[in-house]
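Let's take a walk through this protein model, one feature at a time. Keep the 3D view open while you read.

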Amino acid sequence: MTIRAVVRGVGHYLPERVVPNSEFEATIDTSDEWIRSRSGIERRHFVAEGQTTSDIATRAAEAALAQAGMVADDIDAIILATSTADLTFPSAATMVQARLGMTKGYAFDVQAVCAGFVFALANANALILSGQARRVLVIGAETFSRLMDWTDRGTCVLFGDGAGALILEGQEGTGETSDRGILATDLNSDGRLRDILYVDGGTSTGTTGYLRMQGKEVFRHAVEKLAETAHTALDKIGLSGADVDWIVPHQANIRIIEGTAKRMQVPMDRVVVTVQDHGNTSAASIPLALSVGVARGQIKPGDLVVTEAIGGGLAWGSVVLRW
C-alpha cells in the first residue's frame, strides 16, 4: 500500500487595498512602464492598518476548508509558511489554529522566505507519509509591505501582501505516477548566498530592518536553480517537462518565470501566471496561484503540476503533484 498526500481543497485571500504601479510615481523615480517592463507587475495588494499575517492566513484557510467541505477539527496539523509572522512568538500558525476554532492537533510556522510554501508542502507530505497526521492545512501568508524601504525603487515596487492555503489528506495510492497527490519533492539551501537577498534586521539585532536585494544576482541564480530543482524532482519519478500539464511557479518576476519555463521546455501557455495582479507575495505566491488557477479552470483533477520557488537563504525547491 502506498500513501499519497492528496489535495482536498484550496483557497486564497487578498487584502482589499489594490495598489497600481502609478501610485509609486508620486514618491519615487519610477513609472508604470518601468515596473511592467522589468517585472511584469501591474498591481499588488497591501494590508490595511492593523491587519496582520495571521488575519489574512485565517481567511485563506477558511476558503480552503469551505472548498474541501471540512471544518477546523477535521484537520490534524497546520503548517504556515511566512517570513512576516505577527509576533516573534508564538507562531502565527497557532493564532490561525485558535481563530479557526481548531481544538486538537498542532500548528507551527516554517520560514524559508519565498521558498517557504514549497518547504511547508514537503514537510506536510512527510507528516502524512509517516502517519503523524492524516489531514494537514498548509498556508502561505505574507505582509511584505511591512518590510519595504519606500525609498528603494528596485525593491519596494515588487512585493505585495496575500495568503493562500490548501488541504492535504492521506489517501491510498497504487504507487504509480498516475496517483493523485504529491509524487516527489526536492529541497535545497546555500547559506553562502545570504547577502544577495536578506532583511537587514531581526530580533537579536533589535531592529525590524528592510528587505535588501541584489537583483541581477538573484535573477541569475533563480533561473538556473528553479529549472534544476524542477528537473531533479521530476527525474525522481521518471518524468520530464513534456509530462507536465502546469507549472505553478513562485510569482517573483515574469522574466524569471519565462526563463525557467524555457529551460524546462514547457510553453508559457502551460504556466499559471498571476504576478501581474499580485506582485511577489513571497511564501503566499504559489498557493495564491494554485487557487487562482483552479478558479480560472486551468488546473483540473488529474493534471500533473510542478511548483518551484527560490528565496532568501538562498533556499529553493520544488514539488511535483497530481491534482
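## Rings that pair up

Searching the whole structure turns up four aromatic pairs (rings of Phe, Tyr and Trp, using the six-membered ring of Trp, with centres within 6.5 Å; planes under 30 degrees apart are stacked, over 60 edge-to-face, and the rest tilted). One of them is F24 with W150, a stacked pair with 6.4 Å from centre to centre and 25 degrees between the planes. This pair ties together distant parts of the chain, 126 residues apart: F24 sits in the loop between β2 (17-20) and α1, and W150 in the loop between β6 (135-143) and β7 (161-173). Helices (H or I, at least four residues) and strands (E, at least two) are DSSP runs, numbered from the N terminus.

F24 is buried at 6% relative accessibility, while W150 is partly exposed at 39% (buried is under 20% relative accessible area, exposed over 50%, partly exposed in between, with a 1.4 Å probe and protein chains only). Ring pairs also bring in F46, making a cluster of F24, F46 and W150.

## A quick note on the model

This is a predicted model, where local features need pLDDT of at least 70 and side-chain atom pairs count only at pLDDT 80 or more, while totals for chains, interfaces and linings use all residues. Residues are numbered from 1 along each chain as its sequence is written, and side-chain values use heavy atoms, leaving out hydrogens and water.

## One face of a helix

Which residues of helix α1 are buried? In α1 (residues 32-39), they are W34, I35 and S39. Looking down the axis of α1, the buried residues fall within an arc of 95 degrees, so they line one face of the helix (the arc uses directions from the helix axis to the C-beta atoms). Their cover includes β3 (43-46), α6 (254-264) and α7 (275-278).

## An open sheet

Now find the open sheet of four strands, ordered β8-β13-β12-β11 with mixed pairing (two strands pair if DSSP finds at least two bridges between them). β8 (181-189) and β11 (246-249) are the edge strands with a single partner each, so one side of each has no neighbour in the sheet. β12 (residues 304-311) and β13 (residues 315-322) pair in the antiparallel sense over eight bridges. In β13, W316 is the bridge partner of I310.

Note on methods
Contact = heavy atoms within 4.5 Å.
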